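Subject: Structure for your records

Hello,

Please keep the two together.

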Amino acid sequence: MRAGMVAAQTVPVLIRREGPRDVAVIRAVVGAAFAKPGEPEPVEAPLVDELRADVGWLPALSMVAVTGAGEVVGHVVCTRGYVGDTAALGLGPLSVLPGHQRQGVGLALMHAMLGAADALGEPLMALLGNPAYYGRYGFRAATGFGIESPDPAWGDYFQVRPLTEYRPSIKGVFRYSAPFDNL
């Protein structure tokens, strides 16, 4: 390690599906993860509630990260999206409590989600996020796959991760679950 660098701590967590008792704490985790000082509740917190009530909700793909003490410190969700008429996944939000960020929680959530989505036979996962962060998970600019973002202004921040069932013939405009349209 170079001088001046701090080694990232890792916190052991169990990744599991969300349960009914997790709903309120998930909202709190998402709210804390996206909070900005002096601003009201971030849109991501109610978004998860709206996604849960939508037909695009996939219960098997809403996961929490739980510490050994039983504290939920992170959450990730994928909902049904489409590329043209082909079913796909829209990832997000991915949330980790600020005090647990940079400790491997997001990494564990992403690996669990990618594995679960692949095991379910999904062809691809799309997201809007930082290419430097999500590139480590195999996400690349969607345009390189012939997939267009819902908003052209997103550019390279709209990314796709092909899974085992991906086919190069999957092309077109990506559509998220309906609650994303209200952001």
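**Glu122 and its surroundings**

The side chain of Glu122 makes a polar contact with the side chain of Arg80, at 2.8 Å. A polar contact here is a pair of N or O atoms within 3.5 Å; within protein, one must be able to donate a hydrogen and the other to accept it, and residues adjacent in sequence count only if both atoms are side-chain atoms.

Before going further, some conditions: this is a predicted model, in which local features need pLDDT of at least 70 and side-chain atom pairs count only at pLDDT 80 or more, while totals for chains, interfaces and linings use all residues. Residues are numbered from 1 along each chain as its sequence is written, and side-chain values use heavy atoms, with hydrogens and water left out.

Glu122 sits in the loop between α3 (105-119) and β5 (124-128). Helices (H or I, at least four residues) and strands (E, at least two) are DSSP runs numbered from the N terminus. Glu122 counts as buried because its relative accessible area is 8%; buried means under 20%, exposed over 50%, and partly exposed in between, with a 1.4 Å probe and protein chains only. Setting aside neighbours within four places in sequence, Glu122 is in contact (heavy atoms within 4.5 Å) with Arg80, Ala87, Ala88, Leu89, Ala117, Leu163 and Glu165. Val25 is 97 residues away from Glu122 along the chain, and their C-alpha atoms are separated by 28 Å.

**Helices α1 and α2**

Helix α1 (residues 23-34) and helix α2 (residues 44-52) have axes that come within 7 Å and cross at roughly 145°. The axes are lines fitted to C-alpha atoms, for helices over the stretch in contact, and angles run from 0 to 180 degrees between N-to-C directions. On the α1 side the contact is made by Val23, Ile26, Arg27, Val30, Gly31 and Phe34, and on the α2 side by Glu44, Ala45, Pro46, Val48, Asp49 and Arg52. These residues divide into 7 nonpolar, 1 polar and 4 charged. In that count Ala, Val, Leu, Ile, Met, Phe, Trp, Tyr, Cys and Pro are nonpolar, Asp, Glu, Lys and Arg are charged, and the others, Gly among them, are polar.

The 12 residues of α1 reach 17 Å from first C-alpha to last, close to the 16 Å expected at 1.5 Å a residue; the expected span is 1.5 Å times one less than the number of residues. Ile26, Val29, Val30 and Gly31 of α1 are buried. What covers the buried residues of α1 includes α2, β2 (57-67), β3 (72-83) and β4 (86-96).

Arg52, in helix α2, has a side chain that makes a polar contact with the side chain of Glu18 at 2.8 Å. Beyond its neighbours within four places in sequence, Arg52 is in contact with Glu18, Val23, Ile26 and Trp57.

Thr79 is in strand β3 and counts as buried because its relative accessibility is 1%. Thr79 and Ser177 are 98 residues apart in sequence, and 6.5 Å apart in space from C-alpha to C-alpha. Ser177 is also among the contacts of Thr79, which include Leu51, Trp57, Leu89 and Phe180.

Gln159 lies in strand β8 (residues 158-162), and its relative accessibility of 1% is why it counts as buried. A polar atom of the Gln159 side chain lies 3.4 Å from the backbone oxygen of Tyr157. Not counting residues up to four places away in sequence, Gln159 touches several others, including Met125, Asn130, Tyr134, Phe139 and Arg140.

**Backbone points to check**

Most residues other than glycine have a negative phi, and most peptide bonds are trans. The peptide bond from Gly92 to Pro93 is cis, with omega near 0°, and Pro93 is in strand β4. Arg102, which is not a glycine, has a positive phi of about 65°. Arg102 is in the loop between β4 and α3 and counts as exposed because its relative accessibility is 72%.

**Record annotation**

UniProt places the feature "domain: N-acetyltransferase" at residues 13-164, in an unreviewed entry. UniProt positions are given in the numbering used here, feature names are shortened, and annotations may be inferred rather than shown by experiment. In the model, the span of residues 13-164 is 26% helix and 35% strand, and its end C-alpha atoms lie 26 Å apart.

Regards
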